Amino acid sequence: MRTKPTKDELAAAYGKTIDDVIAPDLDVLFCGINPGLYSGALGLHFARPGNRFWPALYRGGFTPRLLDPSEQHELLGLGLGITNVVARTTARADELTPDEFREGGRLLAARVAEYRPRWLAVVGITAFRTAFGLPKAKVGPQDGEIGGARVWVLPNPSGLNAHWTPAALGDEFGRLRAEVHSE
């Protein structure tokens, strides 16, 4: 189980990266915006208490139980993985530049082409729009592919994204899961 990072550990996490949870031929590669300091300090994706990624995965039917971020590698056995558009940790996503997002999108497309997931699920509409130059994109399935994978944009699961309730997040993750398993 995770432990709470200290103030010094949070400060030291600035600019770090977290290893992807990835393998070839996954059903879905989930892609966050970038890791926060809490995640960077622990070396775990979506680690901050209050982030609703793990509950949304469970509510959406992707996991048989609610996983703790420390169990992130269990996703691989379920055909799931995690990466980020931008690798470096920051306190807030607004610290990232449009150029970083565009470069992150280019690197993400290459990673997807290399690992060949069936679906790329980007969690964060603004990051997706900026990274791929699609300013009118909306949450849900997207036209076209990235790196050979079909694309679905999910809402940002951060607790700061309050207009998406936990139930609504779970429903949107569930829509993706239904599509993945209908193929």
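Is Ile 125 buried or exposed? Ile 125 is buried, with a relative accessible area of 17%. The cut-off for buried is under 20%. The model shown in these views is predicted.

**View 1. Ile 125 and its contacts.** Ile 125 lies in helix α5. Neighbours within four places in sequence are left aside here. Beyond them, Ile 125 is in contact with Ala 137, Lys 138, Val 139, Val 153 and Leu 154. Trp 152 is 27 residues away from Ile 125 along the chain. The C-alpha atoms of these two residues are separated by 9.9 Å.

**View 2. The buried side of helix α5.** Helix α5 spans residues 125-132. Its buried residues are Ile 125, Ala 127, Phe 128 and Ala 131. They cover an arc of only 160 degrees around the axis, which puts them on the same side of α5. An α-helix has 3.6 residues a turn, so residues three or four places apart point the same way. Just after α5 comes Gly 133, with a positive phi of about 60 degrees.

**View 3. Strand β2, enclosed.** Strand β2 covers residues 80-84. Five of its five residues are buried, so β2 is largely enclosed by the rest of the structure. In a regular strand the side chains alternate between the two faces of the sheet. From β2, Leu 80, Ile 82 and Asn 84 point one way. Gly 81 and Thr 83 point the other way.

**View 4. Strand β1 beside β2.** Strand β1 is made of residues 28-32. Five bridges join β1 to β2, and the two strands run parallel. Phe 30 stands opposite Ile 82 in β2.

**View 5. A cluster of aromatic rings.** Ring pairs link Phe 30, Phe 46, Phe 53, Trp 54, Phe 62 and Phe 173 into a cluster. A pair of aromatic rings is described by the distance of the centres and the angle of the planes. The count of aromatic pairs comes to eight. In one of them, the ring centres of Phe 46 and Phe 53 are 4.0 Å apart and the planes are at 15 degrees, so the pair is stacked. Phe 53 also forms an edge-to-face pair with Trp 54. Here the distance is 5.2 Å centre to centre, with 85 degrees between the planes. Phe 46 and Phe 53 are buried. Trp 54 is buried too.

View 6. Helix α6 has 17 residues, 166-182. From first C-alpha to last it reaches 24 Å, close to the 24 Å expected at 1.5 Å a residue. Leu 169, Gly 170, Glu 172, Phe 173, Leu 176 and Val 180 are buried in α6. Seen down the axis, these buried residues fall within an arc of 165 degrees, so they line one face of the helix. They pack against β1, α3 (53-59), β3, β4 and β5. On the other side of α6, Asp 171 and Ser 182 are exposed.

View 7. UniProt, in an unreviewed entry, lists residues 19-182 as "domain: Uracil-DNA glycosylase-like". Over residues 19-182 the chain is 34% helix and 17% strand. The end C-alpha atoms of this stretch are 30 Å apart.

Technical notes
Residues numbered from 1 in each chain as written. Predicted model: local features only at pLDDT ≥ 70, side-chain atom pairs only at ≥ 80, totals over all residues. Heavy atoms only, no water. Buried < 20%, exposed > 50% of the residue type's maximum accessible area, 1.4 Å probe, protein only. Helix = DSSP H or I, 4+ residues; strand = E, 2+ residues; numbered from the N terminus. Arc of directions from axis to C-beta. Pairing = 2+ DSSP bridges. Phe/Tyr/Trp six-rings, centres within 6.5 Å; stacked < 30°, edge-to-face > 60°. UniProt positions renumbered as here; feature names shortened; annotations may be inferred. Expected span 1.5 Å × (residues − 1). Contact = heavy atoms within 4.5 Å.
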